Amino acid sequence: MPRRRVQMASEMAWHGRPPLDLLVLLGVLFGTFVAQFFAATAWIPLWLRLGPAVWESWALWQLATYPLVGFGAPDFWFVIELVILFFFARDVRRWLGARRFWLVSLGVAVASGIAAVAAVLVAPGLAAAAAVPFQLMQGQRLLLAVMLAAFGALAGDATVNLFFVLPVRARFLPAIGLVLAFVAFLASSDLAGLVGIVVATVL
């Protein structure tokens, strides 16, 4: 792929009509995120989010549905995560094509979920150490790891101007994502979630 400069929140991000499937994805992430804060709908994200029910109740569908459930505190950072996800996902989808984009996203998500669950089953204390199971890889966080890894692999030596000011070679984005995930692990003790992020990045 030819070397180029990619600027986030620029014409790259907004040129043309946004793909409908990505808009639907963002809508689902936002809708499930909001649902967790209301008693009448809180069961929906709980039913879909990756958790102990996978091995305790054989809720195997959670291995495929958890990336679609928005996760996080009700603050502006959640919105920022969705915006960043859109920026990277739009280019990755354009380069891979819609069908391959979704196959890769689903395949990596399932593999990461299996790896994280396996880590807990091998060392049960992992689940007990984290206040929220698999919090580092829930919802948009897993998708962000997948998109950063895919963008880094596909864009190669392209330069990404993060937030207009920080030039970074695309191939370094997966490593940056892993460093951020490790820092988050230090605060959360969610080793199983970190395992999932690592798998999503290296696949």
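Trainee: In which handedness of crossing does helix 2 pass helix 6?

Mentor: This is a predicted model, in which local features need pLDDT of at least 70 and side-chain atom pairs count only at pLDDT 80 or more, while totals for chains, interfaces and linings use all residues. Residues are numbered from 1 along each chain, and side-chain values use heavy atoms, without hydrogens or water. A crossing is left-handed if the near helix is turned anticlockwise from the far one by less than a right angle, and right-handed if clockwise. For helix 2 and helix 6 the crossing is right-handed.

Trainee: At what angle do the axes of helix 2 and helix 6 cross?

Mentor: Axes are lines fitted to C-alpha atoms over the stretch in contact, with angles from 0 to 180 degrees between N-to-C directions. The axes of helix 2 (residues 20-35) and helix 6 come within 10 Å. Helix 2 is therefore roughly antiparallel to helix 6, a term for angles over 145 degrees, and the crossing angle is roughly 155 degrees.

Trainee: Which element gives the most to the lining of the largest pocket?

Mentor: A pocket is an open set of points on a 1 Å grid where a 1.4 Å probe fits, with protein on both sides within 12 Å along at least five of seven lines, and lining residues have an atom within 4 Å of a point. The largest pocket is lined by 27 residues, with Trp77, Leu144, Leu148, Gly177 and Leu180 nearest its centre. Helix 6 (76-96), helix 9 (140-155), helix 10 (173-188) and helix 11 (191-202) each give two or more residues to this lining. With 10 residues, the element that gives the most is helix 10.

Definitions and conventions. Helix = DSSP H or I, 4+ residues; strand = E, 2+ residues; numbered from the N terminus. Parallel < 35°, antiparallel > 145°, perpendicular 65-115°, else oblique.
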